[in-house]
Amino acid sequence: MSESRDPNQITNRRSKFIEAASRGKILANKCAKCNHSTLETVYFCEKCSSDVFTIEEYAGLGNVVTFTIQSVAPEGFTDAGLYAWVVFKVDDAPFNVSGFLKDTHTPSDLPIGSKVQVTGFDEKHGLLLERV
Amino acid sequence: MPNKVCVLGAGSTRYGKLNESVVELALDASKEAITSAGITPKEIQSGYISNVFGVSDKQVHMAPVIMSNLGIPYTPGLTIESACGSGSVMLREAFANVAAGFYDCVLAVGVEKITQVGTVQSTTLFSYCSDFFYEGGNGASFPGLFASIARAYLTRYKATEEDLAYVAVKNHENGILNPKAHVRKKITIEDVMQSPVVASPLKLYDCCPFSDGASALILCSEEFAKKKGKSYVEIIGSGRGASPAAVQSREDITIIPSTVNAARQAYEMAKITPKDVDFAEVHDCFTIAEVIDCEDLGFFKKGEAAEAIRSGATRRIGEIPINPSGGLKSKGHPIGATGIGQVVEVFEQFTGKAGDRTIQDAQIALTHNFGATGASAAVHIFKKVN
């Protein structure tokens with residue numbers, strides 16, 4: 001489902017992205033001028049520089065493009081156990097997104113191309129994923 | 001056509017875990033560069049300082065402090081930050097101002113002081129250089145980001161983790177010969193392969209160290225350099241590039257567009273091709289980075305650098321020596337200084353000061369330095385002046 005909007009009325013794009021992610025969705029912008037789609041957090045179309053967009057919401061499903069398993073975690077993630085940071089191609093979208101996938105112990109747990117799904121967003125670990 | 005710009009002097013502290021403050025490190029390197037150039041501080045018309053984490057050593061707005069302590073408090077300076085690429089991006093600005101004729105002689109000093117905060121805090125601070133909303137905020141450290149790039153590369157090109165290990169072994173082989181290197185230690189392929197995993201597929205010895213240190217240059221016009229009658233090096237090419245900040249937004253994760261574009265500009269300005277480069281100092285923050293750099297800079301075709309490195313093509317006696325200084329991997333990576341430190345190596349190579357690291361008969365050298373995962377980059381090309 002799409003809706004037109006005046007970009008001047010948007011005050012916090014990241015909050016909107018997070019709200020959609022918390023429902024398991026990926027929020028994007030479709031350029032009203034050239035139809036190029038990018039993530040919600042981009043302010044101008046990178047193809048034609050228009051700032052008039054239509055909101056697009058994608059089911060938070062996708063295929064793993066690449067990933068790492070963080071054996072040495074940064075602050076805020078040291079209590080997360082072995083987890084993966086994953087880049088995945090969003091189904092039906094022309095872009096990738098990245099997120100946090102807990103309980104990933106070895107690379108064989110997550111073959112390239114395997115399916116992942118957005119399950120939410122939390123302040124501590126960001127965009128949460130699970131294997132499908 | 002810009003004016004010719006020359007490197008008249010160079011200086012550097014040792015890289016490593018150092019006791020001096022961030023300001024003292026910058027001053028030590030600057031004094032050495034000033035002495036090397038045979039000038040007095042009062043001949044410097046502007047200062048360019050690159051630094052990222054000065055706040056961790058209780059000093060931001062660093063330029064006036066450095067200029068004041070060099071005895072030239074009324075000479076303007078500015079501080080430039082571009083993550084790990086700060087040095088080369090700052091060099092570009094200094095180069096541009098001399099090339100444009102605004103100044104005849106400037107100081108370019110890069111500095112970093114980070115080891116005092118410890119490894120966990122350093123890892124966290126570095127993650128702020130990523131596109132944090134999508135990367136650091138989702139648990140990716142810098143080793144993690146490059147590990148994801150490595151996995152993409154190894155998967156596509158059928159290269160191996162052992163191929164990456166050859167980068168580390170070669171750079172340590174060079175770093176042993178550099179008295180100012182952070183990690184002067186010979187390592188083997190087995191050492192790399194058996195070192196602890198940091199972020200799969202990257203292991204500890206695939207990663208550069210956190211380093212303190214400073215490096216400085218005196219840049220000047222050709223006319224100024226000739227008047228001094230000292231050995232100097234000419235900058236014949238300069239380019240800058242950018243990439244999408246987040247790895248997820250790259251069309252091809254195994255290419256760093258900022259490097260490709262900066263290199264193209266620099267080669268065009270210098271009127272040379274990659275085949276004309278006699279050696280290069282490239283940004284090997286992780287072993288995979290050097291593999292990709294070598295391809296993006298045009299030294300090898302896409303997907304072929306890993307095998308070339310394994311064959312010895314990038315050793316000091318190879319067809320294109322890469323990182324004779326030891327690179328970030330062995331010499332160290334004080335991130336605000338790295339891009340300037342690379343030029344110090346070029347200066348020493350071209351003025352007979354590189355000792356056993358000397359690349360015989362070299363006339364043209366290239367430096368390549370990027371910020372974060374290559375979101376920003378600069379490439380410079382140098383010619384030995386005989």
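Trainee: How many residues of domain 1 of chain A are in contact with domain 2 of chain A?

Mentor: 12 residues of domain 1 of chain A touch 14 residues of domain 2 of chain A. Contact here means that C-beta atoms, placed from the backbone, lie within 7 Å. Keep in mind that this is a predicted model: local features need pLDDT of at least 70, side-chain atom pairs count only at pLDDT 80 or more, and totals for chains, interfaces and linings use all residues. Residues are numbered from 1 along each chain as its sequence is written, with chains lettered from A and ligands numbered from 1 in the order in which they are written.

Trainee: Which elements sit on the domain 1 side that touches domain 2 in chain A?

Mentor: Helix H1 (13-22), strand E1 (25-31), strand E2 (37-39) and strand E3 (53-59) of chain A each give two or more residues to that side. Helices (H or I, at least four residues) and strands (E, at least two) are DSSP runs, numbered from the N terminus. By class, that side of domain 1 of chain A has 7 nonpolar, 4 polar and 1 charged residues. Nonpolar covers Ala, Val, Leu, Ile, Met, Phe, Trp, Tyr, Cys and Pro; charged covers Asp, Glu, Lys and Arg; the others, Gly among them, are polar.

Trainee: And where do the domains of chain A run?

Mentor: Domain 1 is 7-59 and domain 2 is 61-131 in chain A. Those bounds come from an automatic or database domain assignment. The centres of the two domains of chain A, taken over C-alpha atoms, are 22 Å apart.

Trainee: Why is E1(A) called largely enclosed?

Mentor: Because 5 of the 7 residues of E1(A) are buried. Buried means 20 or more other C-beta atoms within 10 Å of a residue's own, exposed means 12 or fewer, and partly exposed is in between, with C-beta atoms placed from the backbone.

Trainee: What does E1(A) pair with over 7 bridges?

Mentor: E3(A), in the antiparallel sense. Pairing requires at least two DSSP bridges between the strands. A:Cys31 has A:Phe53 in E3(A) as its bridge partner. E1(A) also pairs antiparallel with E2(A), over 3 bridges. There, A:Lys30 stands opposite A:Ser37. The E1(A)-E2(A) hairpin has 5 residues between the strands, and A:Asn35 takes a positive phi near 70 degrees in that hairpin.

Trainee: Switching to the interface. How many residues of chain B are in contact with chain A?

Mentor: 27 residues of chain B, against 28 of chain A. Helix H4 (119-127), helix H5 (142-157) and strand E5 (197-200) of chain B each give two or more residues to the chain B side. H5(B) gives the largest share, 7 residues. That side of chain B has 12 nonpolar, 13 polar and 2 charged residues.

Trainee: How confident is the predictor?

Mentor: The complex gets an ipTM of 0.93 and a pTM of 0.96. Chain B averages a pLDDT of 97, and 100% of the residues score at least 70. pLDDT is the predictor's confidence in each residue, from 0 to 100.

Trainee: How many residues of H6(B) are buried?

Mentor: 12 of its 15, so H6(B) is mostly covered. Among the buried residues are B:Leu164, B:Tyr166 and B:His172. The cover includes H5, helix H7 (189-194) and helix H10 (287-296) of chain B. Helix H6 (residues 161-175) of chain B reaches 22 Å from its first C-alpha to its last, close to the 21 Å expected at 1.5 Å a residue. That expected span is 1.5 Å times one less than the number of residues.

Trainee: Last one. Is B:Ala100 buried or exposed?

Mentor: Exposed, with 11 other C-beta atoms within 10 Å. B:Ala100 is in the loop between helix H3 (86-99) and E4 of chain B.

How values were computed: Contact = placed C-beta atoms within 7 Å.
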